[in-house]
Amino acid sequence: GTAIFVLREARLRGVADGQALTLLQDRGRAELDRGHPFRAAVYLAEALRRRPQSLPDRVLVTDAVRAIQAVAWVGDAWGDAVVPVSFTKDGKKVLVISSKGAAVVRDAVSGAVLRTVWTDWWATCAGLDDSGDRMVTGSRKGAMQIWSATTGQLLRSGRIPDEAIPICSLSPDGAQVLTLSQRGTTAAWDASTDGTMHVLPVAGVRHAQFSPEGRRILTIGTD
């Protein structure tokens, strides 16, 4: 009876170890597919530790390490969700903003923080002009704000009452701001003088952006 019990226990333990190993591999592959090599490396390294002679596990760990080595730098998002980021035209600066309103301009090569600006709570979008001197932010409260990306000073502000702003951008020269509200209201703002808002006569817009030279606006939506 004792021998049978020990045999059954060993079999159950072997099944459990096999299931745990499969789970580690599956989690690691899933994280790699999602573009999270750091998370993948944790699962895959543990799988390889448990089965060091496994060639597939070695290949997966190698894939994760290569992906990690390709990462130039990792920045803090203030422990919160990050809304879409924006690069300058030359690719030397990048703007990252969290939904809690922390707008951070970084050196795109080194990751060094160049400027941090606390904007409106519940930020939803952000953008830089081509020079990287100005940035625009939008929020769920309908606030549009234009900032100096070098000093952090608030330059202009405006508001679309009772509408969130999921999309906002600056023209390449920083002279105009384009916003798209949750209800499809597309507006162009004068960023250089008084911040006058001009609502475009289009409805049902789902996406809007400046042309590369900043003289035209593309809108995409439904009839």
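Cysteine 168 is buried, with a relative accessible area of 7%; buried here stands for under 20% relative accessible area, computed with a 1.4 Å probe on protein chains only, against over 50% for exposed and values in between for partly exposed. The model is a predicted one, in which local features need pLDDT of at least 70 and side-chain atom pairs count only at pLDDT 80 or more, while totals for chains, interfaces and linings use all residues. Residues are numbered from 1 along each chain as its sequence is written, and side-chain values use heavy atoms, with hydrogens and water left out.

The structure holds one disulfide, a term used for a pair of cysteine sulfur atoms within 2.5 Å. Cysteine 125 and cysteine 168 are its partners, with an S to S distance of 2.2 Å. This pair links distant parts of the chain, 43 residues apart: cysteine 125 sits in strand S5 (residues 123-128) and cysteine 168 in strand S9 (residues 167-170). Strands are DSSP runs of E, at least two residues long, numbered from the N terminus. Because the torsion about the S-S bond is about 125 degrees, the disulfide is right-handed. Cysteine 125 is buried as well, at a relative accessible area of 4%.

Now to a neighbour of both cysteines. Threonine 137, in strand S6 (residues 134-139), is buried with a relative accessible area of 1%. Leaving aside residues up to four places away in sequence, threonine 137 touches Cys125 and Cys168, and also Ile97, Thr119, Ala126, Ala143, Met144, Gln145 and Trp147; contact means heavy atoms within 4.5 Å.

Key. Helix = DSSP H or I, 4+ residues; strand = E, 2+ residues; numbered from the N terminus.
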